[in-house]
Amino acid sequence: VVYGRRRLRACQELGLPVSAIVEAVTDQELFAQMDRENRDREDLSAWEKGCMYKHALDDGLFPSGRRLAETLGLDFSNVARAMRLASLPEIVIEAFPSPLEIQWRWALGLVEAMDKDPESLLNTAQTLAQQVPKLTAKEVFAKLIGGAKPKSSTAAANAVELKSAKGAKVGVFARDEKGAVTLKVVAGAMSAGQEKKLLDFVARLLV
């Protein structure tokens with residue numbers, strides 16, 4: 001049943017006959033019709049929509065999220081954000097009072113926090129999920145985002161400031177966790193001639 005599922009159930013419980021239109025449709029057409037009906041419901045959350053879109057892809061109804069968005073006439077960025085929410089670990093969703101309260105605009109922040117430091121995010125989510133009473137959805141989001149540590153922390157710890165003869169900061173020499181070296185010089189600290197000399201020196205040094 002695409003349209004009127006609740007009305008049908010009510011009529012069945014009351015023993016009332018119903019009129020119905022029966023059509024032969026493909027699975028994609030069926031999904032598109034159900035999506036149009038769901039979009040008319042104001043109470044359908046971003047997480048619910050994401051789960052619906054993700055299930056459609058997992059079931060092979062569409063080859064990609066972009067094709068799904070095109071078929072449904074939706075903006076792909078909104079579809080992607082919803083599916084990011086639906087793809088978050090279950091414990092992250094359980095940290096919120098209800099998944100229905102997770103807002104669209106939080107999707108990117110939660111995914112970035114997961115990418116930066118998944119262990120920290122999951123530990124924070126575990127603590128929040130067990131907390132009684134639970135914090136508000138907004139408070140949970142703030143704690144989940146705040147608990148993730150940026151990947152650049154290691155590089156920052158290995159950074160060395162470069163100073164001029166007068167003690168002014170003129171640059172930073174840093175090495176990341178993979179051993180890659182970066183040299184940043186403050187704008188205006190070197191003339192064009194000095195820049196050329198530096199490049200020549202580095203080239204000779206690395207030969």
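## A charge over a ring

In this predicted model, the charged end of R66 sits over the ring of F76, 4.1 Å from the ring centre. A charge sits over a ring if NZ of Lys or CZ of Arg is within 6 Å of the ring centre and within 35 degrees of the ring normal.

## Aromatic pairs

A pair of aromatic rings is described by the distance of the centres and the angle of the planes. Rings of Phe, Tyr and Trp (its six-membered ring) pair if their centres lie within 6.5 Å; planes under 30 degrees apart are stacked, over 60 edge-to-face and the rest tilted. By this rule there are three aromatic pairs.

The ring centres of F31 and F62 are 5.7 Å apart and the planes stand at 65°, so this pair is edge-to-face. F31 belongs to helix α2 (residues 27–39) and F62 to the loop between α3 (46–58) and α4 (65–72), so the pair ties together parts 31 residues apart in sequence. Helices are DSSP runs (H or I, at least four residues), numbered from the N terminus.

## The aromatic cluster

W106 and F141 have ring centres 4.8 Å apart and planes at 10°, so they are stacked. W106 lies in the loop between α6 (90–94) and α7 (107–116), and F141 in helix α9 (residues 137–147), 35 residues apart. W106 is buried at 4% relative accessibility, and F141 is buried at 17%. Together with F96, W106 and F141 form one aromatic cluster.

## Basis

Residues are numbered from 1 along each chain as its sequence is written, and side-chain values use heavy atoms, leaving out hydrogens and water. Local features need pLDDT of at least 70, side-chain atom pairs count only at pLDDT 80 or more, and totals for chains, interfaces and linings use all residues.

Conventions. Helix = DSSP H or I, 4+ residues; strand = E, 2+ residues; numbered from the N terminus. Buried < 20%, exposed > 50% of the residue type's maximum accessible area, 1.4 Å probe, protein only.
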